[in-house]
Amino acid sequence: MQDPAGPGRSDRPPWWQSAVICQVYPLSFQDSDGDGRGDLPGLLSRLDYLCELGIDAIWLAPVYCSPMRDFGYDVADFTGIEPCFGSLGDFDRLVQALHERGMRLVLDFVPNHTADTHPWFVASRSSRNHPQRDWYVWADAGPDGGPPNRWTSRFGGSAWEYDAGTGQYYYHAFLKEQPDLNWHNPEVRQAMAEVLRFWQARGVDGFRIDAAAVLAEDVKLREDPPKPDADGQTPEPERVERVYTDYRPEVLDWLAELRRCAEADGPSLLLGEVDGSGDRIVDFYGDAGRPILHLPLNYRLIDTDWQGPLLRETVEHYLTLLDALGPEPGTAGARQGGPGKPKGWPCWAVGSHDKPRVARTLGPERARLAALLLFTLPGTALFFAGDELGLEGCPVPSEQSRDPFERQLPGFGLNRDPQRAPMPWSDAPQAGFTTGEPWLPLEPGHEQRHVARQQRDPASMWSLYRRLIALRKAEAALGVGSCFGFFTADALLGFQRAWAGRRLQVVVNLAGTPQVHRPDDGRPARLLLSTRPDPEAPGSSEGIRLEGYEGVVLVLD
Ligand code: GLC
């Protein structure tokens, strides 16, 4: 897609820094042919919806050919479209239609593993001597004749599967039907780079690299040590420290190689699924000499306990890690109008197809505050389609679960079906999602939450998302401004954003009871946006009253 700034305007911040990215899970977005599963023509028919909301890009979960054991994350052909989603022609039409509307496409890219039906794996397992044998991770039985070691799959059970035909085990970080590619093999890296180029040539603007930190395992097959605090309540795959099966140092080199490849023919955005909880998230950015991911995905807003000081500490700590805080305008070291150059560009995500819905985790009121923080904290903003409706997820009992994660590890609350419930569009049968039987049940209460209804209601979550996204676009301070001045006082949490002389303050009330905010330097404040549809006029010498769970954006004059 042409940058509206035209070539040579490299002084402009890249498009994705202030962008709002919506993750679309295609199976659950819109069905066009009545088979109960969403598809590309369905998505195409809903692009105006995304446009109206103000989305800059969609991250599309996999639509590649797949036996669907893990709903598309088990890829049988990296350059083909699974017929239930449509065709390559539909994909091309999607790219074109997005670009015509000024939106971009970030495609899920699944480099860690394939489906066991992928021709590469079929070839690899056909004989120990096949030239592609080494494209996957094979090992001999351990000394006791069982699996080579005790490594566990993230979906439960041994990570090794015996192949009777060739008398060896293959490694799978996820399902046994998802054998891991051997990234130590340069031919594999080359083949996956070609996949990137294939989609770039079709106009894709970026990739979300699935399981990016998991690409390598220890070649000596050393055992992962047990976690000292794990017990029977801990799901089996989380009972070990993944020292030898996650975040191996070579992974960073391989991702840097992918970055070089992705940028060879022009800019391309790389998001990545990494372990975002610890400080090492910063390693995934690389540095100027060896850039890696543009945006290692960060879900801290929903993974954190929402107690004022803790939430503040979480947010500030992350921004400090990236050097993305301050300076406050007018203070020593402040660069006129600019945020300084962070080590890495921050990003915030409040939902995904793998995470319980934000409105379930935090409750509907605090989900509105999460939306406010999402769009006003510095960094790229990501949400999962349906979060803008305040969807909470559809409870699906274990026995009826479609998610292999839940089926293999029932009872730990890991089921991902709830957040994958279809989008409710209207009060038509099946909420307008399909004319057939939806692949997962619609969530209860969809009659109250569907798109058509929320679009008419200025108090709805949808209307709040729309107002927030519009404000973010109108206020450069929110898109690219500096961030400073964090505070907590009683149940209030706040911070400031500034750009070119304009100063905004964001304040959220984390309690259900009213609180008064007194800007400490006594600056006059005007209300720019409230999470309430009918806010009180806030300014008075007594301070600003925030109702229970209200959040506001103020202009400090
Ligand atoms: C990633 C995906 C998840 C999938 C897994 C295995 O974590 O987000 O949905 O199950 O990879 O491919």
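Is D140 buried, partly exposed or exposed? D140 counts as partly exposed, at 46% relative accessibility, where buried means under 20% relative accessible area, exposed means over 50%, and partly exposed lies in between (1.4 Å probe, protein chains only). The legends below describe a predicted model, in which local features need pLDDT of at least 70 and side-chain atom pairs count only at pLDDT 80 or more, while totals for chains, interfaces and linings use all residues. Residues are numbered from 1 along each chain as its sequence is written, and side-chain values use heavy atoms, with hydrogens and water left out.

**Figure 1. Overview of the protein, with its 15 helices and 20 strands.** Helices (H or I, at least four residues) and strands (E, at least two) are DSSP runs, numbered from the N terminus. Along its principal axes the C-alpha trace spans about 80 × 55 × 55 Å. The radius of gyration, taken over C-alpha atoms, is compared with a globule rule of 2.2 Å times the number of residues to the power 0.38; for 557 residues a compact globule would have a value near 24 Å, and the protein, with 24 Å, agrees with this. Of the 557 residues, 59% count as buried.

**Figure 2. Q178 and its contact with D70.** Q178 is placed in the loop between β8 (168-171) and α5 (186-201), and at 0% relative accessibility this residue counts as buried. The side chain of Q178 makes a polar contact with the side chain of D70, at 3.1 Å. A polar contact is a pair of N or O atoms within 3.5 Å; within protein, one must be able to donate a hydrogen and the other to accept it, and residues adjacent in sequence count only if both atoms are side-chain atoms.

**Figure 3. The salt bridge between D140 and R128.** A salt bridge is a side-chain nitrogen of Lys or Arg within 4 Å of a carboxyl oxygen of Asp or Glu, and by this rule the count comes to 33. The side chains of D140 and R128 meet at 3.8 Å, N to O. D140 lies in the loop between β6 (138-139) and β7 (160-163), and R128 in the loop between α4 (119-124) and β6, so the pair ties together parts that are 12 residues apart in sequence. R128, with a relative accessible area of 43%, is partly exposed.

**Figure 4. The salt bridge between E263 and R259 in helix α6.** The closest N and O atoms of the pair are 3.2 Å apart. Both residues lie in α6 (residues 249-263), where they are 4 residues apart, about one turn of the helix. E263 is partly exposed at 32% relative accessibility, whereas R259 is buried, with a relative accessible area of 11%.

**Figure 5. The salt bridge between D387 and R357.** Here the closest N and O atoms are 2.8 Å apart. D387 lies in the loop between β13 (380-384) and α11 (404-408), and R357 in the loop between β12 (347-349) and α9 (358-362), so the pair ties together parts that are 30 residues apart in sequence. Both partners are buried, D387 with a relative accessible area of 2% and R357 at 4% relative accessibility. Salt bridges that share partners also join D70, D354, D403, R416 and R420 into one network.

**Figure 6. Backbone details at P327, Q430 and A500.** Most residues other than glycine have a negative phi, and most peptide bonds are trans. A cis peptide bond, with omega about -5°, joins G326 and P327, and P327 lies in the loop between α8 (308-321) and β12. Phi of Q430 is positive, near 55°; Q430 is found in the loop between α11 and α12 (446-449) and is partly exposed, with a relative accessible area of 27%. Phi of A500 is likewise positive, near 45°; A500 is found in the loop between β15 (492-499) and β16 (502-509) and counts as exposed at 57% relative accessibility.
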